[in-house]
Amino acid sequence: MRNREQVVSWLRALLATTGAVNMAVGAWAELAPHSWYRTFPGAGHHWVSAVGPYDEHLVRDVGAALLALGLLMIWSAAAPRAGLLRPAMVSVLVFAVPHFAYHAAAWEHMGVGDNIANLVVLSLVVLVPAALLWFSRTKPMPSPRTDSPAGARIAAPPEGERSAEVRAAERYSRKRFGAVVAPLVPLSHHAQLLRGTAAMELALEHSHQVDERLKDLGATKAAQITGCEWCIDFGSALLERHGYSDGSQFDARERLVLEYAAALRATPSEISDDLFARMREHFDDAQLVELTSAIAFEGYRSRLYRAFGIGSQGFATCELRLSDTPAAG
């Protein structure tokens, strides 16, 4: 887990560097198109003028494209929004792969040394985004091993009495998880609360100011404090998907999130000034709101599901215990 994160961090730094180089080359082409055409990449080499006659319009278009590409690379490398990275890398590859393929096939315009140097540089713009796509991928959620957990205190409405919203929610659940998730059963009796709960779930899922693994870590800790079997099962599956296992070595920020979740889910909640100040060292205001909301909403889930006797549905291979995690101090 930690090695994978270190590789991703290294790749992000390399991506930002590559983006800065692209922006510099693009600015050169945009501001001094004829100079760029005649002398790029410099030091007596001529990688552009060797291919064809000068066209200022084409050179300026290439400059603007490289500026935009470089900005996208730097932005996606630096931004905490996990949801930006994958579409950004696909966009970079849409440009970089045909560009590399052209130069790999067009050897007649330059000497062997220049061709090799050019391809090495262009390969970085292909390999770095491709590697980031590979290392940032997440495993699919496993299907539950049971459709109806034992002990549930309420049954779903009869087939003919289910609203269109409930049927749509059931189709979505089957498509995503392979079965109807058990918490949908009690909510299927109240369409308005089903809509509200779904809206909050989607808002949390599509908010990416905070790394998903930290939100899932905090929410699962909260579920374990409340003792919600279904939430612990589902949360453990999410953590398994992120690469955690029993005996995982948590870093300082992860231990801090666990400490914060424990304090937030205590009764009464006690968030000391010291704890909040330490959280501020790692998270900005928007991130604190998102992370706190993810943990606090777990309290709603846990208590609702416990009231209706919703047990484990078999998502996780084993329950990940976070109770003995040391506080970050």
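**Backbone and helix packing**

Analyst: Pro41 lies in strand S1 (residues 41-42); strands (E, at least two residues) and helices (H or I, at least four) are DSSP runs, numbered from the N terminus. This is a predicted model, where local features need pLDDT of at least 70 and side-chain atom pairs count only at pLDDT 80 or more, while totals for chains, interfaces and linings use all residues. Residues are numbered from 1 along each chain as its sequence is written, and side-chain values use heavy atoms, with hydrogens and water left out.

User: What kind of peptide bond joins Phe40 and Pro41?

Analyst: A cis one, with omega about 5°. Thr267 and Pro268 are also joined by a cis peptide bond, with omega about -5°.

User: Where is Pro268 found?

Analyst: Pro268 is in the loop between H11 and H12.

User: Back to the S1 end. What is phi of Ala43?

Analyst: Near 55°, which is positive in a residue other than glycine. Ala43 sits in the loop between S1 and strand S2 (45-46). Most residues other than glycine have a negative phi, and most peptide bonds are trans.

User: Now helices. At what angle do H11 and H12 pack?

Analyst: H11 (residues 252-265) and H12 (residues 273-280) pack at about 140°, with their axes 11 Å apart. Axes are lines fitted to C-alpha atoms, for helices over the stretch in contact, and angles run from 0 to 180 degrees between N-to-C directions. That angle makes H11 oblique to H12, since under 35 degrees counts as roughly parallel, over 145 as roughly antiparallel, 65 to 115 as roughly perpendicular and the rest as oblique.

User: Which residues make the contact?

Analyst: From H11, Leu256, Glu259, Tyr260 and Ala263; from H12, Leu275, Phe276, Arg278 and Met279. Contact means heavy atoms within 4.5 Å. The residues divide into six nonpolar, no polar and two charged. Ala, Val, Leu, Ile, Met, Phe, Trp, Tyr, Cys and Pro count as nonpolar, Asp, Glu, Lys and Arg as charged, and the others, Gly among them, as polar.

User: How do the axes of H11 and H13 cross?

Analyst: They come within 10 Å and cross at roughly 50°. H11 is therefore oblique to H13. The H11 side of the contact is Val257, Tyr260, Ala261, Leu264 and Arg265, and H13 brings Leu291, Thr292, Ile295, Ala296, Gly299 and Arg303. Seven of these residues are nonpolar, two polar and two charged.

User: And H8, at what angle does H8 pack with H13?

Analyst: H8 (residues 191-205) and H13 pack at about 145°, with axes 11 Å apart. Thr197, Met200, Glu201 and Leu204 of H8 meet Glu290, Ser293, Ala294, Phe297, Tyr300, Arg301 and Tyr305 of H13. That contact divides into six nonpolar, two polar and three charged residues.

User: How far apart are the end C-alpha atoms of H13?

Analyst: They are 33 Å apart, which agrees with the 33 Å that the 23 residues of H13 (residues 285-307) should span at 1.5 Å a residue. The expected span is 1.5 Å times one less than the number of residues.

User: What happens just after H13?

Analyst: Gly309 takes a positive phi of about 65° there.
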